[in-house]
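Colleague: I am new to reading protein models. Could you walk me through a few features, one at a time?

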Amino acid sequence: MATARQLDQSTTSLYEQDFFAWTKNQTEALRTRQVSVVDWVNLLEEVESMGASQRRELESRLTILLMHLMKWAWQPEKRITSWKLTIQGQRRELARLIKQSPSLKAFIPEVLNELWQDAREDAEIETGMPIQTFPESCPWDTDEQTLNKTWWPE
């Protein structure tokens, strides 16, 4: 009979050799409550990674949205359909992400200033306008304006 240490080593080895097979193995172990087969160390790491991945997706999408809203607001004479499509697409995907993980919405105020600064830098490069053109902090309310599908800066 295999010891717990041997089982732990075999699941760790499977994790390194075939991630998909490892996920199937771990799913079955959890489903059947075989705690001695669960690869706790790697499972914990993967669960933490999933949360971090969602945070990164939220940050990336929000930065892109903010930058395109800046272009829309500060370059009205250059507005094109692709900007509008990007804004709508990012809003749609952010809404889906927040619907799937509502607690991510509370994370937005924590990162908004940093993301705004990133978006300012991107907008400076994209528009050729000096960074000082864009406010130091986001002038728009996140819920009522930035994430609202019907709101457009004018």
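Modeller: Gladly! Let's begin with exposure: Val35 has a relative accessible area of 54%, so Val35 counts as exposed. Keep in mind that this is a predicted model.

Colleague: Where does Val35 sit in the chain?

Modeller: Val35 belongs to the loop between H2 and H3. Together with Leu30 and Trp40, Val35 forms a nonpolar patch on the surface, and the three share about 310 Å² of accessible area.

Colleague: Which side chain does the side chain of Asp39 contact?

Modeller: The partner is Trp22: the two side chains make a polar contact at 2.9 Å.

Colleague: Now, how should I read a salt bridge?

Modeller: Here is the general idea: side chains of opposite charge can pair when their charged atoms come close. In this model the count comes to 7 salt bridges. One of them joins the side chains of Glu28 and Arg31, at 3.5 Å from N to O.

Colleague: How many residues apart are Glu28 and Arg31?

Modeller: They are 3 residues apart, about one turn of the helix, and both lie in helix H2. Glu28 is partly exposed at 38% relative accessible area, while Arg31 is exposed at 58%.

Colleague: Which parts does the salt bridge between Asp143 and Lys105 tie together?

Modeller: The side chains of Asp143 and Lys105 meet at 3.2 Å, N to O. Asp143 lies in helix H6 (residues 142-146) and Lys105 in the loop between helix H4 (81-100) and H5, so this pair ties together parts that are 38 residues apart in sequence. Asp143 is partly exposed at 42% relative accessibility, and Lys105 is partly exposed at 36%.

Colleague: Can you show me one more pair, please?

Modeller: Of course. The side chains of Glu136 and Arg120 form a salt bridge at 3.7 Å, N to O. Glu136 lies in the loop between H5 and H6 and Arg120 in helix H5, so the pair ties together parts that are 16 residues apart in sequence.

Colleague: Which residues gather in the patch of negative charge on the surface?

Modeller: That patch brings together Glu114, Asp118, Glu121, Asp122 and Glu124. Take Glu114 as an example: Glu114 is in helix H5 (residues 108-127). At 54% relative accessibility, Glu114 counts as exposed.

Colleague: How far apart are Glu126 and His68 in sequence and in space?

Modeller: Along the sequence, Glu126 and His68 are 58 residues apart; in space, their C-alpha atoms are 9.6 Å apart. Glu126 has its place in helix H5 and counts as partly exposed, at 49% relative accessibility.

Colleague: Thank you! I will go and find these residues in the structure.

Note on methods:
Residues are numbered from 1 along each chain as its sequence is written. This is a predicted model: local features need pLDDT of at least 70, side-chain atom pairs count only at pLDDT 80 or more; totals for chains, interfaces and linings use all residues. Side-chain values use heavy atoms; hydrogens and water are left out. Patches are made of residues with over 30% relative accessible area and no salt bridge: like charges are joined within 9 Å, nonpolar side chains (Val, Leu, Ile, Met, Phe, Trp, Tyr) within 5 Å. Accessible areas come from the Shrake-Rupley method with a 1.4 Å probe; for residues, only the protein chains shown count as cover. A salt bridge is a side-chain nitrogen of Lys or Arg within 4 Å of a carboxyl oxygen of Asp or Glu. Lys and Arg count as positive and Asp and Glu as negative; His and the chain ends are not counted. The place of a charge is taken as NZ of Lys, CZ of Arg, CG of Asp or CD of Glu. Helices (H or I, at least four residues) and strands (E, at least two) are DSSP runs, numbered from the N terminus. Buried means under 20% relative accessible area, exposed over 50%, partly exposed in between (1.4 Å probe, protein chains only). A polar contact is a pair of N or O atoms within 3.5 Å; within protein, one must be able to donate a hydrogen and the other to accept it, and residues adjacent in sequence count only if both atoms are side-chain atoms.
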